[in-house]
2 protein chains.
Amino acid sequence: MALIVQKYGGTSVANPGRINAVAASVIRRSRQGDQLLVVVSAMGDATDDLIALAKSVTAKPDPREMDVLLATGEQVSIALLAMAIKARGGDATSFTGPQVGIITDSRHTKARILRVEAKGIRKALDAGKIAIVAGFQGETETGEEITTLGRGGSDLTAVALAAALDADACEFYKDVPGVLTTDPRIVPEARALPCITYDEMLEMASAGSQVLNARSVEYAKRFGVPLVVRSSFEDVKGTLIVEEEPGMEKVLVRGITYAKNEAKVTVLGVPDRPGVAAELFRALAAADLNVDMIIQDISESGVTNISFTVSQGDLPRTLEVARGVAARVKADDVQSDENVGKLSIIGVGMRSHSGVAAAMFEGLAQAGINILMISTSEIKISVVIEKARIEEAVRVLHKRFGLETDQVELARPFVTAPEEVGMLTSRMRRAGKVRPAPKPRAKARRRR
Amino acid sequence: MALIVQKYGGTSVANPGRINAVAASVIRRSRQGDQLLVVVSAMGDATDDLIALAKSVTAKPDPREMDVLLATGEQVSIALLAMAIKARGGDATSFTGPQVGIITDSRHTKARILRVEAKGIRKALDAGKIAIVAGFQGETETGEEITTLGRGGSDLTAVALAAALDADACEFYKDVPGVLTTDPRIVPEARALPCITYDEMLEMASAGSQVLNARSVEYAKRFGVPLVVRSSFEDVKGTLIVEEEPGMEKVLVRGITYAKNEAKVTVLGVPDRPGVAAELFRALAAADLNVDMIIQDISESGVTNISFTVSQGDLPRTLEVARGVAARVKADDVQSDENVGKLSIIGVGMRSHSGVAAAMFEGLAQAGINILMISTSEIKISVVIEKARIEEAVRVLHKRFGLETDQVELARPFVTAPEEVGMLTSRMRRAGKVRPAPKPRAKARRRR
């Protein structure tokens, strides 16, 4: 019998009809013999409504009380889902974050999980009940403070409980069929990936994909919790997110992400002497400005140009800081360009295969798209290009790397339905792996 | 420094504007030097909305999960009130029922308080904070079950905390200026009473007045917590509810209550032998039917008639049960009358003064109102009359007993503003009374 943690987001429980649909689905799964722990978010716009309510009481709500307020959103969801399950003949018990012992620090509205007691959960599961747990919330060690975990908090609750209970998998039910090769609004041929590594998923998240919060993926990677992203509306297999395995490198590019809310800043005529770049970026960091890509031109006659990107919202303050530093170090000028976007290709395969960057640049060049900046990591290549051409570039590269076909399955035949993940990981765990990372059952088969 | 518990109902915190008004009022009071613990209900119709939400998920919501759901209503209120107070420069901390240690049994949706830990409250108060506590909710000993206290639960939370903390007074902010002599919709001259005894208040509650729930008054009486009922909208003195004192008996009638949802049932021709009445009322009790007044006629030639009242909603099932018993004991017939109402006059004075009943019956007779049933307790006389004449009867008796004038103050000059209650009861407590019951400071003065 596998222990599966499921997480349903706000859209999946947005109204009584959808709550009943989730209840039916949970009961069906439970009758297949797995133990189920279900984490839920607040209904639809409930959290936004609570924030608006607080703002109508005071323009600057106190963070401690904001957490007391926001925590009610998920509490409503667990009660409704548990009663829906019971009304349909299933057996369920709801738990708030404090009841289940999600212990956090006291940084209100963005608390960090310190430990997970998972109080009462084993007892409920062993009694044949489905445990319904409120996502997003916890309490401090003394129980005096209710806390919330910030953006993506419910996903994190699910992963943390899966880790604490040594669950066989943690499944996320989203309004997408899985982790997609790219944004389907731009490329209709975008497909759900059968599997992806934690590291690729982390690069996807940092490069703009919003399927799963990076914190949750990091937590899962640390504790070796296999993740599954599935659709809450259609019965498709979804995407398995696991530790990297040898076969997975056969895919060069797993996915393409983009971000349009970037701005490029260039400091021109910077004296090329040690410490100047450090002074600039120390000043930006001190102002809490998050710099993404950084490029320094090759120095000519003792001066150089330094370019970097920030989010558009941060541009005015960034220019202020950068101009201050430029004046101090006697640089010539500071220019900015909001007409840019960032595009990234991600894949563990590029670590062991050369030519991926070349293929990317070639593809863009053939389409006549000019590259303004380049930045690479071990498994990601990002470029900054003209914003107006971002969508075209995504389409060109999606095709260039064959992402619309099932080429990715070359690397790893999708041997498991998500329902089988539990069995699979259990088996591996029994085989002595403390941090289970599913391995292909069979040698990679060529599909085409 | 007095410790005052205040309780604000749903109407008082129905919207952000009112929450800010309560915040301003609480801060004002706190700056006068009292320690304040504020208990709040859910906003306006929030509880009804949550019940409707549950019913839209399932027709028969599970009681345990209903409590998890309903508890969010008060949690929203405490967060908003605490943030409103902080935004206005006051210092406040919110507490849920579980956080403050309201320990109950596990009878979901109608739990009984077992004990009150009042965790963290002293610490908050001693740090100069205003403690904001969610009414209506608690948890079981193990913390595994969230519970709610049922009808009037928030009032009970306030009284229980006042008792546990040995508070100097527990003030209820209502949409009435105090406990009134009668319903002002019927008698525009109805006045707020300056003071009333716990026992009178209990009779008022059982006879139809809905100002304070009987459970809360009983709890306050048991622990000697002085209560104050005041308006949340106007700054009036309100009504002090305390243990009876000698002077209070000088008033014959404190108030008049009525109930229109009564039905009278008569079993005719009942054989007058031991055990027959017992069989009837045992059967009604077994069917969970609550009988109010009971009258048995004088027996004639071995048979008698038994009349009693029940609430109109219970009438169909009552008739069913009564007819079954009538058939078994060979009574002649069972008749019912829904065209009746109950009217009660209440006052501790009638215990030591004769002639109150006579004055009541005389007043009704002069108005040509026929009395169908009479029932008396030590401090209450109730009559059942034709429903259509209830309002007229209330007006006649209100005038007859001079309730529209300040005759009640003959008994007890109103020496204390509610703000002074704390000081007064503190003084008495220091004087060695374990269960403080305020005494008049001076000899009763005649006002007229």
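Reader: What makes S2(B) and strand S6 (residues 130-134) of chain B a pair?

Author: Strands pair if DSSP finds at least two bridges between them. In this predicted model, S2(B) and S6(B) share 4 bridges, in the parallel sense. So they count as paired. One bridge joins Leu37(B) to its partner Ala131(B) in S6(B).

Reader: How do you know that strand S1 (residues 3-8) of chain B pairs with S2(B)?

Author: Apply the cut-off of at least two bridges again. S1(B) and S2(B) have 6 bridges, also in the parallel sense. Lys7(B), for one, has Val39(B) in S2(B) as its bridge partner.

Reader: Which helix does the chain pass through from S1(B) to S2(B), and what is the hand of the crossover?

Author: The path runs through helix H1 (residues 16-31) of chain B. This β-α-β crossover is right-handed.

Reader: Why is strand S2 (residues 35-40) of chain B called largely enclosed?

Author: A residue is buried if 20 or more other C-beta atoms lie within 10 Å of its own. In S2(B), 6 of the 6 residues are buried, so the rest of the structure largely encloses this strand.

Reader: Which way do the residues of S2(B) point?

Author: Gln35(B), Leu37(B) and Val39(B) point one way. Leu36(B), Val38(B) and Val40(B) point the other way. All are buried.

Reader: How many residues does each chain bring to the contact between A and B?

Author: Chain A brings 30 residues, and chain B brings 30 residues. On the side of chain A, H3(A) gives the most, with 14 residues. By class, that side has 16 nonpolar, 9 polar and 5 charged residues.

Conventions
Residues are numbered from 1 along each chain as its sequence is written. Chains are lettered from A and ligands numbered from 1 in the order in which they are written. This is a predicted model: local features need pLDDT of at least 70, side-chain atom pairs count only at pLDDT 80 or more; totals for chains, interfaces and linings use all residues. A residue is buried if 20 or more other C-beta atoms lie within 10 Å of its own, exposed if 12 or fewer, and partly exposed in between; C-beta atoms are placed from the backbone. Helices (H or I, at least four residues) and strands (E, at least two) are DSSP runs, numbered from the N terminus. A crossover is right-handed if, with the strands pointing away from the viewer, the path from the first strand over the helix to the second runs clockwise. Two residues are in contact if their C-beta atoms, placed from the backbone, lie within 7 Å. Ala, Val, Leu, Ile, Met, Phe, Trp, Tyr, Cys and Pro count as nonpolar, Asp, Glu, Lys and Arg as charged, and the others, Gly among them, as polar.
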